[in-house]
Amino acid sequence: MIAFLRKWISGVLALCALLVGAWWFFQQTASYRQVDALVRRHPAVASEVGKVTGIQLPFFGWGIDWTDTHLDPRYDVRVSGTEGSASVHVEFRGDAVSDAWMTTEGGDTVPLMVAR
């Protein structure tokens, strides 16, 4: 019984380490840098939260969509500013942002991308 518990605990710890590693990796990618730049420079974000003071990627605020035979990342980040906070969702298609929107503290959704 003890051997079974040790294997089970080792498996859970390995899975946790893998998730933490993936979370850290997603913050090091070029796509995350694009998210950071979009959030810091977008006038709609600035009008809602003021000057951006922080962008946090929650532990489960990232994901991957499989489309057109490649992996497309998506992010849900929490933005803090001098006048408030909001959530921003950003989706990628290939190497470019394909869709982005902000959800305000009041629950309003503000698109951050212009439809083509």
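Predicted model: local features only at pLDDT ≥ 70, side-chain atom pairs only at ≥ 80, totals over all residues.
**Exercise 1.** Work out whether histidine 89 is buried or exposed, and where it sits.

*Solution.* Start with the number: histidine 89 has 11% relative accessibility, so it counts as buried (buried is under 20% relative accessible area, exposed over 50%, partly exposed in between, with a 1.4 Å probe and protein chains only).

Residues are numbered from 1 along each chain as its sequence is written, and side-chain values use heavy atoms, leaving out hydrogens and water.

**Exercise 2.** Find which side chains make polar contacts with the side chain of histidine 89.

*Solution.* First comes aspartate 76, whose side chain is joined to that of histidine 89 by a polar contact of 2.4 Å. Then there's the side chain of glutamate 91, at 2.9 Å. (A polar contact is a pair of N or O atoms within 3.5 Å; within protein, one must be able to donate a hydrogen and the other to accept it, and residues adjacent in sequence count only if both atoms are side-chain atoms.)

**Exercise 3.** Classify leucine 5 and name its helix.

*Solution.* Leucine 5 has 35% relative accessibility, so call it partly exposed. Its helix is α1, residues 2-26.

**Exercise 4.** Find where confidence is lowest and highest.

*Solution.* Look at pLDDT, the predictor's confidence in each residue, from 0 to 100. Strand β2 (residues 62-67) is lowest, with a mean of 72, while helix α3 (residues 43-49) is highest, at 92.

Technical notes. Helix = DSSP H or I, 4+ residues; strand = E, 2+ residues; numbered from the N terminus.
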